[in-house]
Amino acid sequence: MPYPYVLLSAAVSLDGYLDDTGPDRLLLSSPADFDRVDEVRASVDAILVGAGTIRADNPRLLVNSPDRRAARLAAGKPEYPLKVTVSGSGELDPAAKFWHTGGEKVVYTTDKGAERARSLGLAADVVPLGPGLDWRRLLEHLHDVRGVRRLMVEGGGTIHTQLLQEGLADELQLVLAPLFVGDPHAPRLFGPGGYQGGRLRLVETRRIEDVVLMRYEPTAPGTGSLPAAADRHWLALACELAADCPPSRTAFSVGAVVVAADGTELARGHSREAGDPVVHAEEAALAKIDPGDPRLAAATVYTSLEPCTRRSSRPAPCARLILDAGVRRVVTAWREPDTFVHEADGTGLLTAAGVDVVVLPDHEVQAKAPNAHLL
Ligand SMILES: NC(=O)c1ccc[n+]([C@@H]2O[C@H](COP(=O)([O-])OP(=O)(O)OC[C@H]3O[C@@H](n4cnc5c(N)ncnc54)[C@H](OP(=O)(O)O)[C@@H]3O)[C@@H](O)[C@H]2O)c1
């Protein structure tokens, strides 16, 4: 189930508000930051806002720079990114600027909302997603039907809250503006509810005139067989570790990371690390964790290649080590080929023992790269 890369973008006041309650939109960003937002818009395939933002702000959501639009056209992309909105009710003003500017538009809604949206004659493709709005179905549809690989979400708070709480946001681009709103009735960036337990990863801070851009990535693994955005980050790290392995003609190069449910990294490892010519990545990582660590039971093992089931170099294969550690979730990029072991099936062994194994094939090319000479 591939989804687009989801980038949440918002500007907030020092006291965490997205807007005030006045009739006009509160300008939180600085001119140079609006230009940065324009650049981000030019880099994505689609921009999404909630119906509440269309009602409150009547935005156009365009790429304003002619040079950036020309560059998109030169790269074979549409002049403007696809504009997407989400509405449960389908109650949308057909005169809003959203429909009459830029390129193509899509409305994702419920079955009931679709009847209403169609009756309004909106200049958009209306896509019902069932009795309720399912974000995973929406993202799958954008990816598979609309070819969206990068999605920028520009609010409002209701939308950002859901995408973050459902583990579907790959990145948060937050601009902090040096002003206060101070009105409890104003909309907040994030509402109450269940967020990931631990800390997000701060990947960048940048001063832009008098505002500060902060970029964060979520860190908490998904649960069960459902992938979360953070799974992709951790698996990418495992694939990077695979590239660090001492080369071998007789064994794969693999990277592994063990991550607690709250997004804390417990350990990492890679094949043949620290001068051990036969150690495997999962084995090396698990060996660094106290076997009594209570976080193991809810942890996820990320490994660039599925855990092995048979090996001659050590008594226990990695699938067994994972089971013995009490880990119940594994995310991998690539099923083991027959190069060294015929019909190895680490995934089968783990799933038979009740472990959820999630394969994210988007990372397969990266996982295979340091092993090209073996394939
Ligand atoms: N500072 C910034 O960067 C920024 C950016 C954007 C917006 N804003 C501000 O944010 C405010 C608007 O935020 P908001 O939270 O009220 O609205 P919103 O998030 O833009 O949209 C909420 C609407 O989206 C639809 N929706 C969302 N989740 C849904 C679900 N799971 N199922 C069905 N429908 C769903 C509903 O539409 P229906 O009501 O049609 O069912 C809901 O009312 C405005 O004041 C705006 O100025 C600020």
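**The shell around the ligand**

A: At least two residues of the shell around the ligand come from each of strand E1 (5-12), strand E2 (46-50), helix H2 (51-57), strand E3 (82-87) and helix H7 (157-165). Helices (H or I, at least four residues) and strands (E, at least two) are DSSP runs, numbered from the N terminus. The model is a predicted one, in which local features need pLDDT of at least 70 and side-chain atom pairs count only at pLDDT 80 or more, while totals for chains, interfaces and linings use all residues. Residue numbers start from 1 along each chain as its sequence is written.

H2 gives the largest share of the shell, five residues. Of the 27 residues around the ligand, those that come nearest are Gly-50, Gly-52, Gly-88, Gly-155 and Gly-156; a residue is near a molecule or strand if its C-beta atom, placed from the backbone, lies within 6 Å of it. By type, the shell holds eleven nonpolar, eleven polar and five charged residues. In this division Ala, Val, Leu, Ile, Met, Phe, Trp, Tyr, Cys and Pro count as nonpolar, Asp, Glu, Lys and Arg as charged, and the others, Gly among them, as polar.

Two backbone details deserve attention here. Most residues other than glycine have a negative phi, and most peptide bonds are trans. The peptide bond from Gly-155 to Gly-156, however, is cis, with omega near -5°. Gly-156 is placed in the loop between strand E6 (150-153) and H7. Leu-61, although not a glycine, has a positive phi of about 55°, and its place is in the loop between H2 and helix H3 (66-74).

The strands E1, E2 and E3 belong to an open sheet of nine strands with mixed pairing, in the order E5-E4-E3-E2-E6-E1-E7-E9-E8. Strand E5 (125-128) and strand E8 (201-208) stand at its edges with a single partner strand each, so one side of each is left without a neighbour in the sheet. On average, neighbouring strands of this sheet are turned by 20° against each other, direction ignored; axes are lines fitted to C-alpha atoms, for helices over the stretch in contact, and angles run from 0 to 180 degrees between N-to-C directions. Two strands pair if DSSP finds at least two bridges between them.

Within this sheet, E1 and E6 pair in the parallel sense over four bridges, and Tyr-5 stands opposite Arg-150 in E6. Strand E7 (residues 171-176) runs antiparallel to strand E9 (residues 211-217), to which five bridges join it; the bridge partner of Leu-172 in E9 is Tyr-216. E8 and E9 also run antiparallel, joined by seven bridges, with Arg-201 having Glu-217 as its bridge partner in E9. E8 and E9 form a hairpin with two residues between them, and Glu-209 in the turn has a positive phi of about 50°.

The protein as a whole is divided into domain 1 (5-217) and domain 2 (229-374), with bounds that come from an automatic or database domain assignment. The centres of domain 1 and domain 2, taken over C-alpha atoms, are separated by 36 Å. Ten residues of domain 1 are in contact with eight residues of domain 2, where contact requires that the C-beta atoms of two residues, placed from the backbone, lie within 7 Å. The side of domain 1 that touches domain 2 has three nonpolar, four polar and three charged residues.

A further sheet remains to be described. Five strands form an open sheet of mixed pairing in the order E11-E10-E12-E13-E14. Strand E11 (265-270) and E14 stand at the edges, each with a single partner strand, so one side of each is left without a neighbour in the sheet. The twist from one strand to the next averages 15°. Strand E12 (residues 300-303) runs parallel to E13, and four bridges join the two; Tyr-302 stands opposite Val-331 in E13. Strand E13 (residues 329-332) also pairs in the parallel sense with strand E14 (residues 356-359), over four bridges, and Val-330 stands opposite Val-357 in E14. Together, E13, helix H11 (residues 346-352) and E14 make a right-handed β-α-β unit; right-handed means that, with the strands pointing away from the viewer, the path from the first strand over the helix to the second runs clockwise. Helix H8 (residues 229-243) lies across strand E10 (255-259), E11, E12, E13 and E14, and runs at about 145° to E10.
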